[in-house]
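Subject: Structure handover

Hello,

Here is the structure we talked about. Please open it first, then read the notes below.

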Amino acid sequence: MTVYAYVDGPLGEMLLVGQLAGGGRVALRSLSLPGQKGAVGVEDGWTLTPEAFADVAGQLGEYFAGRRDRFDLPLATDAGTDFQRRVWQALEEIPYGTTVSYGEIARRIGSAGAGVRAVGTAIGRNPLLVVRPCHRVIGADGNLRGYAAGLERKERLLGLEGALG
């Protein structure tokens, strides 16, 4: 069963979407921000269930308050292609407060060279903004590059983490 909730945060009202899992926990499938490129919209048949996202909302609140540097949440694993999932796994391994280049992500997954563009595309399709830290990926020259929810939000997240020089 697909469930959803809205949670307020410093980046705007976040839409959380998940699948109910055992024990009443929800496997988070999507976190979208207002105005995000490729954002998910609520679909017919989904159930508004804010209580299912209490843990997610609590961890997001702690993160935005600077009291959490990683998320411990069940995530849905059925989204994306094999390549996208490899890229997304590499994102999850970037430590809090650090940044890496798109080229470094490509190297880590064994897709250097021409694979950088494909890595950027896969990162742009990350359905779990904030939780899966695609905001920690920057250009090789140190400049901020693309973020589905806008560069201003990317800069704000990196500032929160102390990752901006």
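Ring pairs join Y63, F64, F71 and Y96 into a cluster. Rings of Phe, Tyr and Trp (its six-membered ring) pair if their centres lie within 6.5 Å; planes under 30 degrees apart are stacked, over 60 edge-to-face, and the rest tilted. The count by this rule is 5 aromatic pairs. In one of them, Y4 and Y6 have ring centres 5.9 Å apart and planes at 85 degrees, so the pair is edge-to-face. Y63 and F64 also pair edge-to-face, with ring centres 5.3 Å apart and planes at 70 degrees. Both Y63 and F64 are buried. Here buried means under 20% relative accessible area, exposed over 50%, and partly exposed in between (1.4 Å probe, protein chains only).

A word on the source. This is a predicted model, in which local features need pLDDT of at least 70 and side-chain atom pairs count only at pLDDT 80 or more, while totals for chains, interfaces and linings use all residues. Residues are numbered from 1 along each chain as its sequence is written, and side-chain values use heavy atoms, with hydrogens and water left out.

Next, the core. A nonpolar core is a set of buried Ala, Val, Leu, Ile, Met, Phe, Trp, Tyr and Cys residues joined through side-chain atoms within 4.5 Å. The largest one has 40 residues, and F53, L60, I105 and V130 touch the most other members. Elements that each supply at least two residues of this core include strand 1 (2–7), strand 2 (14–20), helix 1 (54–64) and helix 4 (115–124). Helices (H or I, at least four residues) and strands (E, at least two) are DSSP runs, numbered from the N terminus.

Leaving aside neighbours within four places in sequence, F53 is in contact (heavy atoms within 4.5 Å) with V3, Y4, A5, L16, V17, G18, V26 and L28. Y4 is buried, at 13% relative accessibility.

V130 sits in the loop between helix 4 and strand 6 (137–138). At 1% relative accessibility, V130 is buried. Its phi is near 70 degrees, a positive value in a residue other than glycine.

Now the charged pairs. The structure holds 9 salt bridges. A salt bridge is a side-chain nitrogen of Lys or Arg within 4 Å of a carboxyl oxygen of Asp or Glu. One of them joins R25 and D55, at 3.0 Å from N to O. This pair links distant parts of the chain, 30 residues apart: R25 is in the loop between strand 2 and strand 3, D55 in helix 1. R25 is partly exposed at 41% relative accessibility, and D55 is partly exposed at 37%.

Another joins D78 and R29, with the closest N and O atoms 2.3 Å apart. It too links distant parts of the chain: D78 lies in the loop between helix 1 and helix 2, R29 in strand 3, 49 residues apart. D78 is exposed, at 53% relative accessibility. R29 is partly exposed, at 23%.

E104 and R107 also form a salt bridge, with the closest N and O atoms 2.5 Å apart. The two are 3 residues apart in helix 3, so about one helical turn separates them. Salt bridges that share partners join E104, R107 and R108 into one network. R107 is exposed, with a relative accessible area of 52%.

Best wishes
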